[in-house]
Amino acid sequence: MIFHVNPSSGVPIYVQIETQVKNAISAGALKRGQALPSVRKLASELGINPNTVARAYLELERNGVIATVPGGGTYVAENVPRLLKSEKLRRLQPYARQLAVEGVQLGLTDEEILGMLQEELERLGVRK
Amino acid sequence: MYLWKCWRDTRSFFLVFLIGAAIVMPVAALVCKGTGLVEEFGANAFQSTFGLILVAVALGLAAIGAIHEFGDKTAHFLFTKPRSRAYFVWVSWSVGLGELLAIAAVNFLAGWLTLLRFSKNPLHSPVFGPVTSQQLVEGLIMAIYTYSLAYSLTAILRSGLKGLGAAMGIVFGLPFLAIAVRWRWHINLPIPTSPIGNLSLVASDLTWTFVALLFVFIAQIVIERGEV
Amino acid sequence: MSELAISVNRLTKVYGDVLAVNRLDLSVPRGSIYGFLGRNGAGKTSTIKMLLGLTRPTSGSAHVLGMDILASRMPILRRTAFVSEKKTLPPSLTPSELVRFSRGFYPTWLDQAVEKYARLLEIPMNQRFERLSNGNQTKVFLLLALAQGAELLILDEPTTALDPVSVDQLLRVLAADAADRGTTVFFSSHQLEEVEQIAEYVGMVEGGRLLMESRLDDVKNDFRVITAAGSNLPRETNSQVLSVEVKDNFYRYVITKDGEGYAGDLAQNGATVTHVAPLSLREIFLELVRKEKLCTSGNAGETPVLSSSSS
């Protein structure tokens with residue numbers, strides 16, 4: 001797994017790391033049970049504060065995405081997908097809200113708004 | 001290790017003057033060989049050069065030593081070490097003092113040995129009489145006095161040039177001031193490092209030494225209170 | 001054992017008629033890396049000098065490692081390593097000799113650290129200090145500081161005049177060493193990107209006053225810029241709204257917390273929200289400084305925007 005972080009971004013470094021881990025898992029690049037670099041090693045590679053990496057790992061562990069084994073080693077958790085889904089839904093929420101608010105403001109009906117959403121989904125050809 | 005650092009900072013200057021002090025009398029004697037000047041004036045020439053060399057060395061050592069420690073550039077490095085500022089003031093002063101005394105000893109030895117080749121009584125000049133130990137001691141104390149004064153002024157003014165200039169001004173100007181004061185107000189100012197008033201020679205010597213130490217003490221106070 | 005490595009309370013320093021440090025408050029947690037940010041002349045160096053006993057405060061107080069700066073100068077200096085803004089050292093000594101010199105002052109000196117960092121930072125240990133490049137000179141300072149075995153490292157603009165490669169090396173070494181030994185690192189800088197790379201906490205000063213002190217992650221999570229269009233949108237600043245810029249009926253808000261919520265409120269009140277985005281530290285700093293300059297009096301009664309509430 002190769003990480004890349006931008007310390008000058010408005011997004012905190014630990015969030016960037018978290019996001020990349022989650023994306024890698026979603027994309028299948030990181031498999032369940034696969035080992036992640038140690039906090040010290042990753043921090044050293046990226047040239048950042050180890051506490052930042054530690055925080056990212058803490059958050060990931062709290063969300064059940066990764067697990068640490070006593071005696072060392074951090075691994076992608078076995079039962080990841082379910083919880084990742086909740087994260088995905090959480091991320092989509094603000095957009096849904098915005099769409100709803102905009103639609104209502106413009107005076108569109110619920111059917112019109114949903115219909116528009118349907119069109120977009122069809123255009124993308126979302127796979128089941 | 002601070003001692004060692006002070007030594008390193010003043011090392012080159014010290015060595016140059018050490019060599020100079022060691023050879024001045026032998027060289028002068030060599031130059032005057034056969035003229036008889038050495039026998040007649042040697043002792044007194046020696047006494048004057050002894051004093052002068054020491055004053056020059058004193059001024060140089062003081063300026064160099066003090067500016068290395070208390071100049072703007074190194075103060076931040078030194079004063080954030082866990083030692084009192086008084087420690088730095090006195091230790092670097094003593095290193096310079098040690099060097100001064102070493103040069104004095106070498107100079108004296110060289111002069112004495114040189115004169116010994118010309119007469120059995122090296123410190124006795126047929127023309128001017130004996131060079132007393134008091135005269136030599138006064139020369140030494142003058143050097144210590146000048147050294148301490150220049151050192152303190154350099155540390156307080158934070159500039160080798162200013163410190164040196166001020167010290168020279170005081171050391172060489174004081175005798176003239178004393179003359180003026182005596183002429184105008186008929187008061188006899190004590191001149192370093194000649195005997196003071198009615199005090200015994202020893203007492204005068206000790207007093208002047210004490211004054212020298214006082215200069216350093218004042219420098220210590222100023223530096224302790226100062227800002228970097 | 002106090003939980004703050006450095007604690008500063010209404011610290012003030014006046015030089016003649018210049019107010020260099022103005023009732024400054026700082027809290028630096030132990031074991032953290034704290035970036036002390038500000039422009040040149042904002043009072044960073046004056047503050048640091050007071051912490052180390054190089055100058056005396058005009059008023060206020062400060063504690064380093066739990067000890068009062070006025071009463072405990074020696075114990076503080078024994079346990080604190082310092083890299084000054086002035087990167088000058090006795091010119092004719094070599095790094096090896098400087099190590100020899102510094103060693104004797106500190107019972108906590110780490111010989112193995114000297115070897116390690118001399119190698120890592122590629123410092124020519126036997127070249128006279130005055131002959132070293134700027135970068136190497138700064139590295140010597142860093143070496144001496146790291147080898148001291150101190151609990152607290154105070155660095156004043158450590159990366160000035162360093163090339164980007166050396167800067168990166170320096171930051172990495174600091175972060176790794178601090179993590180290894182649990183030391184607290186307090187460094188001042190006006191280079192925001194460097195602070196962002198390793199700092200956990202930031203404190204921003206301008207004109208000797210504290211603008212803001214917070215966890216860096218919190219600052220980035222909380223601050224948002226929102227652009228919206230509409231009429232009669234709010235124009236006042238308050239504890240949540242740092243600044244408002246209005247042009248025709250376009251509004252630009254810099255929000256200090258709960259940006260998404262604020263955007264939602266705007267939308268619900270009829271505004272069209274065009275953009276909600278996080279801000280880089282640079283942008284936040286510029287905003288805060290801009291706002292500080294708008295205040296005409298020295299202290300307009302504004303308290304620093306965020307304080308480190310969560311730990």
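1. C:Arg131 counts as exposed because it has 12 C-beta neighbours inside 10 Å. The scale behind this runs on C-beta atoms placed from the backbone: a residue is buried if 20 or more other C-beta atoms lie within 10 Å of its own, exposed if 12 or fewer, and partly exposed in between. C:Arg131 sits in the loop between helix H4 (111–120) and helix H5 (134–147) of chain C. From C:Leu77 this arginine is 54 residues away in sequence and 29 Å away in space, C-alpha to C-alpha.

2. On conventions, this is a predicted model, in which local features need pLDDT of at least 70 and side-chain atom pairs count only at pLDDT 80 or more, while totals for chains, interfaces and linings use all residues. Residues are numbered from 1 along each chain as its sequence is written, and chains are lettered from A and ligands numbered from 1 in the order in which they are written. Helices (H or I, at least four residues) and strands (E, at least two) are DSSP runs, numbered from the N terminus.

3. Two of the chains are split by the domain assignment, whose bounds come from an automatic or database source. Chain A has domain 1 (13–78) and domain 2 (81–124), with 31 Å between their centres, taken over C-alpha atoms. In chain C the assignment gives domain 1 (4–217) and domain 2 (224–278); here the centres, again over C-alpha atoms, are 39 Å apart.

4. Contact between residues means that their C-beta atoms, placed from the backbone, lie within 7 Å. Of the two pairs of chains in contact, chains A and C share the most contacts. Chain A and chain B are joined by no contact, and their closest C-alpha atoms lie 27 Å apart.

5. The contact of chain C with chain A takes 23 residues from chain C and 17 residues from chain A. On the side of chain C, two or more residues each come from helix H6 (164–181), helix H7 (192–198), helix H8 (216–222), helix H9 (259–268) and strand E14 (272–278). H6(C) gives the most, with six residues. By class, this side of chain C has 10 nonpolar, five polar and eight charged residues. The classes are: nonpolar for Ala, Val, Leu, Ile, Met, Phe, Trp, Tyr, Cys and Pro; charged for Asp, Glu, Lys and Arg; polar for the others, Gly among them.

6. The contact of chain B with chain C takes 16 residues from chain B and 18 residues from chain C. Helix H1 (2–31) and helix H3 (72–78) of chain B are the elements giving two or more residues to the side of chain B, and H3(B) gives the most, with four residues. This side of chain B divides into five nonpolar, four polar and seven charged residues.

7. The largest nonpolar core has 168 residues. Such a core is a set of buried Ala, Val, Leu, Ile, Met, Phe, Trp, Tyr and Cys residues joined through C-beta atoms within 7 Å. Residues with the most contacts inside the core include B:Leu54, B:Tyr147 and C:Phe186. Helix H2 (residues 37–70) of chain B provides the largest share, 17 residues. Leaving out residues up to four places away in sequence, B:Tyr147 touches B:Ala58, B:Leu61, B:Ala62, B:Gly96, B:Leu97 and B:Leu100.

8. Chain C holds an open sheet of six strands in the order E6-E7-E8-E3-E9-E10, with mixed pairing. Strands pair if DSSP finds at least two bridges between them. The edge strands, each pairing on one side only, are strand E6 (80–83) and strand E10 (209–215) of chain C. Neighbouring strands are turned by 15° against each other on average, direction ignored.

9. E6(C) and strand E7 (residues 152–156) of chain C pair in the parallel sense over four bridges, with C:Ala81 opposite C:Leu153. E7(C) and E8(C) are also parallel, over five bridges, and C:Leu152 stands opposite C:Thr184. E3(C) and E8(C) pair in the parallel sense over five bridges; C:Ile33 has C:Val185 as its bridge partner.

10. Strand E8 (residues 184–189) of chain C is mostly covered, with six of its six residues buried. C:Thr184, C:Phe186 and C:Ser188 point one way from E8(C), and C:Val185, C:Phe187 and C:Ser189 the other way.

11. Helix H10 (residues 281–294) of chain C lies across strand E3 (33–38), strand E9 (201–206) and E10 of chain C, running at about 30° to E9(C). Axes are lines fitted to C-alpha atoms, for helices over the stretch in contact, and angles run from 0 to 180 degrees between N-to-C directions.
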